Every structure is written in C-alpha cells, then in structure tokens.
Amino acid sequence: MRINCPICGDRDRREFYYLGASDYLNRPAEGDLDAIHTYLHIRENPAGVTKDLWHHEAGCSSWLVVERNTSTHEIHSVTLASEVTK
Amino acid sequence: MIDLIAKSAADGLLPVTIGSMTLTELPLREMHSIAPFKGAKVSAALKKATGVGLPDVGRGTAKGGVEILWTARGQYFLIGATPPKLSAAITDQSDAWCAVVLSGESAPQVMARVCPLDLGRMGEGDVARSLVGHMTAIIVKRADGFEILVFRAFAKTLVHELREVMVSVTAQAALPD
C-alpha cells in the first residue's frame, strides 16, 4: 500500500501512522454530551469509501485525510488535514 | 578550564569498507533546526546572515561550508553556521545527530533493503525524511552516495544494520549465477 503525500510524494505505508476516521476533525462544542459521545464512539463501518486520518510520521509530519475504498483498496484522494479544516 | 575530548557518535565504529562500499562518518557539525512561525518570511534574513536561503521542499541549499536541508513540513536544518535572530522556533541540535555517508557501486542495493524510499527517483541534493530499518532518518542524495542522518543514540544500531546489509549484498554478488 502506498500513500501519495501532498508534500513528499508517493511513499510506502510503513512511513505512516493510522489514527482513525476523519470524524476526529469535527470536534463538537464543549458540554454537548450526546455530540461528544457520537464524536468519540459512533463510527460508520462502510464496505466502500471511507475517510481516515493518517500521520506521515516518518516523513514530513503532516496529518493527512485519506479517502479510500475498503472493498477495493483503492485510494481516491489524499489531502492535508490543515486544508480540510479551513 | 579542562579541555574535554569531543567524541563523535560513531567513534570506534567507522569507517568500514566491505566489498565495493564504504561507510564513513561525517565530522561533528553545528546544527540548528529552524521552524519559521506561521506566515514568517525568514529566507532573506538567513541568506544575509549565513549566505544560504531556505530550500524548496525535498531539497537542500549549500554554499561554502554552510548548508540548509529541508527536514519536515515547515522545518529546516541549518548546518555549519549559527542562525541569526529570526521569526522562527530555533533549537540547537548540534551533537544530537549522527551523520554517515554510504558510498560505492552497490550502495543503492544496500539502501533498497533498509529504506522504503524510491531511491532511483532521487537526484543529487534531494533530501527525504524516511526510515532506515525502524529508525527515522534524514536521507540526502550526494554525488558519491547517500548521506544518512539519525538521532545520535541510534549510531550503533545504524552502523550495525548497514554493515549487515553491506556484508550480505557483497556476499550475494560473489555467488556464481
């Protein structure tokens, strides 16, 4: 598996660390317990396209949003997390 | 004042020559990491003070004995000079790294075994942050081979890993077809 880092280019999977669903980027407001529960624990588990957060740990240190297909293992897009949250 | 003896990271371990390859340690150099603050333009000030400006992503710039390497997103290493006051986070990394050069005809084969980079794509002066075995490393393509920088504490492991592969690659090359 290879991930095309927007900064470093095409790199081996070994250089990356997987965090989890990109839902982690949408942190709810403090005090909204139901939203925080959903944010922490409720996840889709699609057989298809999913968006994950990956860290280019052994590379440029960027956080990336990787859109990939869990059925076909295709990677559709790789975006810097900083540009997604803007 | 007592004069302490400076000991390099791979002291007593290098140089080694195996087959067509040589692994040597580079002498201790002054190193600072420079991480410009958001939106700060520091390249002109650096160039004025050290003679070298910031390189592009994945590259290095050098003049005289001074060099700046791109080392991560928004981070650079200034080697061989003291940085001026800049709008950047600067940390002294001198003595914190071990720098070695792997040269020789079979050096690319050795690197291919321990590093996941597509090394054939690297041109002279290209810089990449990647892995050597399980160690994070800075890898610079030089005219005579690969310069590899790892944290000083990994010096012995780095030499061990590269030595093993150098021996293996050389032994395999000697086998009859």
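Predicted model: local features only at pLDDT ≥ 70, side-chain atom pairs only at ≥ 80, totals over all residues.

Visitor: Which residues is B:I139 in contact with, once its neighbours within four places in sequence are left aside?

Guide: B:I139 is in contact with B:M111, B:C115, B:L117, B:M122, B:D126, B:V127, B:A128, B:S130, B:L131, B:V132, B:F146 and B:E147. Each of these counts as a contact because the term means heavy atoms within 4.5 Å.

Visitor: Why is B:T71 called buried?

Guide: The relative accessible area of B:T71 is 1%. Buried means under 20% (exposed is over 50%, partly exposed in between, with a 1.4 Å probe and protein chains only), so the label applies. B:T71 lies in strand 5 (residues 66-72) of chain B. Not counting residues up to four places away in sequence, B:T71 touches B:Y76, B:F77, B:R129 and B:I138.

Visitor: What makes a group of residues a nonpolar core, and how many residues has the largest one?

Guide: A nonpolar core is a set of buried Ala, Val, Leu, Ile, Met, Phe, Trp, Tyr and Cys residues joined through side-chain atoms within 4.5 Å. The largest has 33 residues, and B:I139 and B:I148 have the most contacts inside it. In chain B, at least two residues of this core come from each of strand 1 (16-18), strand 2 (21-25), strand 8 (97-104), helix 2 (107-114), strand 9, strand 10 (135-142), strand 11 (145-151) and helix 3 (155-174). Helix 3 of chain B gives the most, with seven residues. A second, separate core of 22 residues includes A:F16, A:V66, A:V78 and B:V42.

Visitor: What makes one space a pocket and another a cavity?

Guide: On a 1 Å grid over the protein atoms alone, a cavity is a set of points where a 1.4 Å probe fits but cannot get out; a pocket is an open set with protein on both sides within 12 Å along at least five of seven lines, and lining residues have an atom within 4 Å of a point. Grid points are joined across faces, edges and corners, and a volume is the space filled by probe spheres set on the points.

The largest pocket has a volume of about 280 Å³. Of its 16 lining residues, A:C8, A:R11, B:M122, B:V127 and B:A128 lie nearest its centre. Strand 2 (9-12) of chain A supplies three residues, the largest share.

The second largest pocket has a volume of about 220 Å³, and its 13 lining residues include A:A21, A:E44, A:P46, A:T50 and A:D52, which lie nearest its centre. Strand 4 (49-55) of chain A gives the most to that lining, with three residues.

Visitor: How many cavities of 30 Å³ or more are there, and what lines the largest?

Guide: There is one of 30 Å³ or more, and the largest cavity holds about 100 Å³ of space. Its lining includes B:A9, B:E25, B:W97, B:C98 and B:L149, and strand 8 of chain B gives the largest share, three residues.

Visitor: How are the lining residues of that cavity classed?

Guide: Nine are nonpolar, none polar and three charged. Ala, Val, Leu, Ile, Met, Phe, Trp, Tyr, Cys and Pro count as nonpolar, Asp, Glu, Lys and Arg as charged, and the others, Gly among them, as polar. Under those classes, the largest pocket has eight nonpolar, two polar and six charged lining residues.

Visitor: How do you know where the domains of chain B lie?

Guide: The bounds come from an automatic or database domain assignment, which gives domain 1 (16-27 + 95-174) and domain 2 (31-92). Their C-alpha centres lie 24 Å apart, and 10 residues of domain 1 are in contact with 11 residues of domain 2. Each of these domains also contributes at least three residues to the lining of the largest pocket.

How values were computed: Residues numbered from 1 in each chain as written. Chains lettered and ligands numbered in written order. Heavy atoms only, no water. Helix = DSSP H or I, 4+ residues; strand = E, 2+ residues; numbered from the N terminus.
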